[in-house]
Amino acid sequence: MTDKSEKTEGSRPLNFIEEIVEREIRDNINNGRVHTRFPPEPNGYLHIGHAKAICLDFGMAQKYGGKCNLRFDDTNPIKEDVEYVDSIKEDIKWLGFDWEDREYYASDYFGKLFEFAVKLIKEGFAYVDDQSAEVISKQKGTPTEPGIESPYRNRSVQENLDLFYRMNEGEFPEGARVLRARVDMTSPNMHMRDPIIYRIILSPHHRTGSTWKVYPMYDFAHGQSDYFEGITNSLCTLEFEVHRPLYDWFVDHLKTDDYRPHQTEFNRLNLTYTVMSKRKLLQLVQEKRVNGWDDPRMPTLCGLRRRGFTPESIRSFVEKIGYTKVEALNDVALLEHSIREDLNKRAMRVSAVINPLKMIITNYPEGLVEEMTIENNPEDISAGERLVSFSREIYIEQDDFMEEPPAKFFRLGPGREVRLKGAYIVKCEGFKKNEVTGVIEEIYCTYDAQTRSGMPESNRKVKGTLHWVSVPHALDAEVRIYDRLFSVEEPMANKDVDFLEYLNPDSLKVLTNCKVEASLAGVKPYDLFQFQRIGYFNVDPDSTPQHLVFNRTVSLKDSWAKVKNK
RNA sequence: UGUCUCAUGGUGUAAUGGUAGCACAGAGGUUUUUGGUACCUUUAGUCUGGGUUCGAAUCCUUGUGAGACAACCA
């Protein structure tokens with residue numbers, strides 16, 4: 001009964017995590033509370049894969065009346081920096097989520113974690129190992145062979161305690177000693193073979209300075225931090241599945257009543273034609289294969305934002321791909337669909353000619369300018385209308401004229417008629433061609449004065465409608481045409497080929513001679529538009545009133561391109 | 001020669017023992033002053049073998065394939 005009502009409530013069926021949570025609520029596990037956390041490490045920029053996690057962590061809390069904490073997992077002072085903290089917070093807010101006053105850091109718990117380690121030592125569950133990293137690693141065995149016990153495994157509690165305190169006094173150099181949990185060296189799960197839980201790091205931490213000389217490892221910090229914060233559901237990606245027994249082992253030694261957090265793993269987001277690993281993204285930035293973390297070709301949230309993606313489109317995409325335990329490769333076409341779907345509803349339509357070809361309307365009076373009324377968005381009447389100047393000389397798209405057009409070409413060619421969007425029907429009477437280069441330099445048309453939009457004659461059927469910009473009114477603009485960063489679906493799939501080999505050489509084309517309508521004079525960075533018949537574009541932060549710069553977010557679907565390529 | 005996880009159209013997902021559905025992509029069409037949008041139609045799927053059952057994508061089992069795990073990273 002309850003099952004049914006819960007399922008029909010939403011517009012889609014529950015995913016497996018929602019099913020788990022609803023069962024827990026029903027069974028009053030953890031008093032029926034739902035409290036999640038998003039735990040980024042402040043060592044890089046967030047990408048769309050993180051967005052999938054953010055939407056789940058914050059989304060579950062929202063859906064079930066719970067809370068979601070933001071917790072920086074800052075247990076490694078060598079790799080982390082405050083620089084990243086701010087960008088991460090900005091990206092989460094931009095995506096549309098709010099952690100309110102619950103901004104935490106694993107480093108907030110260094111004291112409690114240290115005490116817990118001391119407790120484990122006293123109970124015989126942890127020991128100081130004096131061996132080198134290499135030796136410890138060797139003793140760990142392999143996935144198919146058991147490990148062997150360290151000669152230091154049975155040190156006295158007193159000695160362990162003494163050594164551990166002195167490790168934290170800075171008495172020993174980095175690497176000299178570690179603290180290990182005393183679990184099981186023969187466990188088939190490598191993570192249970194006496195994992196290292198504390199190591200000596202002498203570099204200062206970005207938040208705690210030089211207070212500490214020993215720092216907890218991820219496994220010794222994460223579950224415990226969840227516990228300290230009262231987290232109920234610790235949601236993470238599939239590769240942490242093998243860590244779960246250790247997560248539970250620590251929580252079991254920490255908990256004092258029925259409350260306990262537990263970990264559930266879901267599949268990562270992989271996208272075709274890109275890479276998602278922080279290391280690879282860093283490499284692209286460092287080797288200047290892209291222009292920084294916010295390069296519009298990057299799958300980072302700042303990159304997608306600069307490219308013109310909206311938070312709504314990203315959330316909608318994440319909603320569409322779902323959460324399962326199957327390792328998936330998501331088609332970037334679905335992301336593109338999500339942004340088109342969103343922008344179709346909200347983007348103002350404007351006229352921009354990115355590869356200009358001048359048209360002279362020979363029978364149009366010289367010096368005459370007419371103001372044409374054009375709707376701002378046919379999908380949204382409330383967006384209103386605007387006036388656009390029309391004159392004797394206009395720019396049209398080079399692609400909209402062919403000297404010898406094929407049958408299916410609905411645009412302009414010698415003797416053909418087309419409609420100029422919101423203006424007149426014109427007929428091509430001739431063109432000027434550079435005899436040396438073969439380039440069409442100008443085309444000459446006549447217009448039918450009775451076909452101005454709104455006049456009865458304007459209803460005449462013509463095959464095509466072109467966008468245009470009046471020459472004397474046009475604004476110059478730079479347009480950056482972005483395409484997929486890689487030319488293959490899975491740049492990492494072939495182990496014998498460096499992923500850089502698959503970089504798409506045409507992922508960025510800069511067009512500097514573009515002409516846009518005058519209404520674009522006052523645009524601000526991140527403003528969104530549809531360039532009529534071309535695609536969705538936004539204003540790049542590089543843009544100034546003197547030098548307009550637009551990024552192509554995504555092209556419009558182009559059924560002519562399909563016909564043409566047949 | 002380990003442990004854990006997974007396997008449904010091209011892709012991502014649903015169906016929780018009872019008509020294999022949805023979205024994207026593909027194909028075709030209608031409408032259209034965007035070759036856009038919207039709408040309609042359509043192609044295409046339960047990894048393999050066995051078992052339980054009136055009935056199996058679902059439960060049991062065999063095999064196959066894929067992934068994760070051997071950082072003093074997270």
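Helices (H or I, at least four residues) and strands (E, at least two) are DSSP runs, numbered from the N terminus. The model is predicted, so that local features need pLDDT of at least 70 and side-chain atom pairs count only at pLDDT 80 or more, whereas totals for chains, interfaces and linings use all residues. Residues are numbered from 1 along each chain as its sequence is written, chains are lettered from A and ligands numbered from 1 in the order in which they are written, and side-chain values use heavy atoms, with hydrogens and water left out.

Aspartate 194, with a phi of about 45°, is found in the loop between strand S5 (178–181) and strand S6 (196–200). Its relative accessibility is 0%, and aspartate 194 therefore counts as buried (under 20% relative accessible area, with exposed over 50% and partly exposed in between; 1.4 Å probe, protein chains only). Asparagine 31, with a phi of about 60°, lies in the loop between H2 and strand S1 (35–38); because its relative accessibility is 64%, asparagine 31 counts as exposed.

In soluble globular proteins, nonpolar side chains tend to be buried together. A nonpolar core is a set of buried Ala, Val, Leu, Ile, Met, Phe, Trp, Tyr and Cys residues joined through side-chain atoms within 4.5 Å. The largest such core has 64 residues, and Ile48, Ile92 and Leu284 have the most contacts inside it. Elements that each supply at least two of its residues include helix H2 (16–26), strand S2 (67–72) and helix H13 (332–346). The largest share, 9 residues, comes from H3. Leaving aside neighbours within four places in sequence, isoleucine 92 is in contact (heavy atoms within 4.5 Å) with Phe38, Leu46, Ile54, Phe58, Leu70, Phe97 and Trp99. A second, separate core of 35 residues includes Phe172, Ile197, Ala221 and Leu246.

Around RNA strand B there are 68 residues, of which Glu19, Thr75, Glu327, Arg349 and Ser453 come nearest; a residue is near a strand if one of its heavy atoms lies within 4 Å of it. Sugar and phosphate account for 63% of the atoms of RNA strand B that come within 4 Å of the protein. H13 gives the most to this surface, with 4 residues. A base oxygen of RNA strand B lies 2.5 Å from an N or O atom in the side chain of arginine 349, and another contact to a base oxygen, at 2.4 Å, involves a polar side-chain atom of serine 453.

Terms used:
Polar contact = N/O pair within 3.5 Å; in protein donor to acceptor, adjacent residues only side chain to side chain.
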